[in-house]
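Have the viewer open as you read.

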Amino acid sequence: MDFTITDEERDITTLASQILTDNVSPQDLHQYDSRDITRFDAALWGQLAESGLLGIAISEDHGGMGFGFGHLCLLIEECGRVLAPVPVVPTCLSALAIQQFGGAADSAVLADVVSGKAVLSAAIHEDCNDDIYAPTCEVAAGRLTGAKHGVPYFEQAQSLLVVAVEGGETGLYLADPAHESAQGTALWTTTMEPQSYVTFAGTPARKLGDAAAVTWFLERYITALCAYQVGACEKMLRLTAEYTTERQQFGVPIASFQAVGHRAANCYIDATCLRLVVQQAVSKLDAGEDAATAVNVAKSWCGDASHRISTSTQHLHGGMGVDRDYSLWRYALWAKQNELQLGSTTYHLRQLGDAIAAGDFDIDL
Amino acid sequence: MKLAFTQEQEQLRRDIRAYMQELMTDELRAELHQDFKGEGGGPLWKECMRKLGRDGWIGLGWPKEYGGMEKGPMEQYIFFAEVAKAGFPFPFLTSESVGPALASFGDEDLKNEVIPKILSGATNICIGYSEPGAGTDLASLKTRAVKGDDGYYTINGQKMWTSLAEFADYIWLAARTGDEEKLGKHGSISMFLIPMDTPGISITPVYTLGSVRTNATYLQDVRVHESRLVGAENAGWKVIMSQLNRERLALVSHGPSTAFLRKVCEYAADTTLPNGERLLDQDWVKMNLAKARQGFEAIRMICYKQAYEIAKTGNLDMAEASSAKIFGSEFLVEATRGLMEVLGYASTMHMGSQHNVLGGEMERMYRTLSILTFGGGTNEIQRDIISIFGLSMPRPMRA
Ligand SMILES: Cc1cc2nc3c(=O)[nH]c(=O)nc-3n(C[C@H](O)[C@H](O)[C@H](O)COP(=O)(O)OP(=O)(O)OC[C@H]3O[C@@H](n4cnc5c(N)ncnc54)[C@H](O)[C@@H]3O)c2cc1C
């Protein structure tokens, strides 16, 4: 049980934090609060590429840094802390799967991810389908049909990962988002993140892997969203500690009311638990161990902690929490989006319950 | 960061588990299941303590110079958790909390007298902090020790909630020795380690909700030599704080909760409903079990994190340790509720009843949980600690 943060890990966090805090202020984010401008900061994307961070988990053969998934999560956590307007999560997670399951033909796209030329996306959610592991989008003879909901950065993406079913077996596929048979309808998401509803009418799709590959990919994608919320939740908490320490009512800082301090302390406990169970999932995934339960635990915590921290920090700010000239309100949007993305708390608890019913009784064997 | 055990740690856990399973005989269980005997003190329990001492387990984390095994905090925590899973009432306060504080602050004679007895399982120490008027505000205690010219203190006062006093050999006692006006309420307290058979000490039992006996302890003109001071005169607060910090981790280990979860899972797997389905396959049952698991996994990680912090820095991380204490105690109450729902109405039947479920353990368990939220440093103070040290917020106002 070694929780030590290595020098390497610290360096990555510092580098990511520096670039992101230099480039993403609440004023910078303001321009994306309407639908007029796509939430994509190309200059920041370029800087992340230049620093090498986009290739953090891509092997050196493709020009990357050659670190693992855990290191990538450090970058993602920093993205969550500032709500970075760049598609790090879909791009880097899709690249990870392509690297794992793709072939020689895919090295160009990986090199393009590292250099910042390519944005990648993943089509996972479906409308009226409560199970991300049981898609209805279908592949037959190398052609994909069906519809996917909430596909991030579809219009910018150069390549698209798709979770689909073929002959009754779930699999992971690579499709060309620019193909004319793939039609996207732009959505208006709660966070203003660009997403599309995409229909596929015989889109060419190449198989990357079977159900095990889907699990491999989804467990990492889910955990990455949790890492994003670790950063976002801690930021909400810090903003609240600072604001309540400065804000005075009845002649004293409102933080000196025990009711205020205790509600903030509850958020701290949630943030601490979230960080630790996410670290557990990351560590298991990095070690290639069975992480199914750890991922269910992490995402169920992610939903609970994000919801509670978001609503409590809103409350502790009074009116300032909802003021669009202050930064907290945007975190409320991401808390909700990531709570529901890739399985809600209840969804993951049900999965956990199924595992228990199948005999997983022991926390440490 | 690599959150897994070493092979040696895995082996240690298996060894402790096997050892404890052997130790927990049906006869011992029967002794512990008697009302007001659950915390030990009976003849079989005393025998087991001697055995644990002989086999070296009590000294697991103690330095070799005291005859200990000198294992690190992670191994000690593994031990806490496994012992708790087995359901053995190990007197952690004596060996893991008061003992180490005595080793840090006591003088040589006192250490030589008491520590070998602690490590051999031959002695028990009760804690005399709380008083009728001093609970959370411990530093307002009124028990007074007045020093005479002969090097003897005369102690008068009353302690409350002195657990285990009925079979303790010593009392770890906090008393006021200095002038509160001049030295402040924290700077005028001293710690003593006093044999319980010293004339003038008497106890009366206090029976509690959880079938746990505790005591009121009366001190009337108790004469104690200054060599029984632990640390310098009026420097007791530091000793108390060091002891309380160590207590916190042992209080909320994930051991008992995960052991109960396992038992409830097994029960639900073995129980068939009138329609022929397993209890375990009901959606609501799976949800209750999953919610318990969700929280227990976090408790486990937060405890391991604390063990890691102690190993690395020698100290707990204040705000995280308080988080462990609060979440560990409050979640256990909630999870137990959900687990009792799974066991059904029969889970309210006493250990001594016919037709109880899981031997009535849940019925006793729920009655013992409420003390965890205010004992060992009440959760309100823990939340204060988090807001001050974890979030750098100003101290809450006090009247
Ligand atoms: C079974 C049992 C065994 C025990 N064993 C021992 C023992 O062996 N030795 C020993 O010394 N003591 C022992 N105790 C005592 C225990 O440590 C105290 O109960 C505890 O310190 C709380 O004190 P109190 O009961 O006086 O409650 P109070 O201090 O009166 O607290 C009552 C309520 O007020 C709240 N409160 C108090 N101050 C504040 C504040 N500043 N802000 C917000 N809320 C506040 C508390 O959180 C609590 O909810 C035991 C108690 C029990 C029940």
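For residue classes, Ala, Val, Leu, Ile, Met, Phe, Trp, Tyr, Cys and Pro count as nonpolar, Asp, Glu, Lys and Arg as charged, and the others, Gly among them, as polar. This is a predicted model, where local features need pLDDT of at least 70 and side-chain atom pairs count only at pLDDT 80 or more, while totals for chains, interfaces and linings use all residues. Residues are numbered from 1 along each chain as its sequence is written, chains are lettered from A and ligands numbered from 1 in the order in which they are written, and side-chain values use heavy atoms, leaving out hydrogens and water.

Now for the holes. On a 1 Å grid over the protein atoms alone, a cavity is a set of points where a 1.4 Å probe fits but cannot get out, and a pocket is an open set with protein on both sides within 12 Å along at least five of seven lines; lining residues have an atom within 4 Å of a point. Grid points are joined across faces, edges and corners, and a volume is the space filled by probe spheres set on the points.

There are eight cavities of 30 Å³ or more. Here are two of them, plus a pocket:

| Space | Volume | Lining by class |
|---|---|---|
| Largest cavity | about 150 Å³ | 13 nonpolar, three polar, two charged |
| Second largest cavity | about 60 Å³ | six nonpolar, one polar, three charged |
| Second largest pocket | about 780 Å³ | 12 nonpolar, six polar, 12 charged |

Nearest the centre of the largest cavity are A:Val89, A:Pro90, A:Glu193, A:Tyr228 and A:Trp334. A:Trp334 also turns up in the lining of the second largest cavity, along with A:Leu333 and others. In the pocket, the residues nearest the centre include A:Arg275 and B:Met1.

B:Phe36 has a positive phi of about 65 degrees although it is not a glycine, and B:Phe36 is partly exposed at 29% relative accessible area.

Methods:
Buried means under 20% relative accessible area, exposed over 50%, partly exposed in between (1.4 Å probe, protein chains only).
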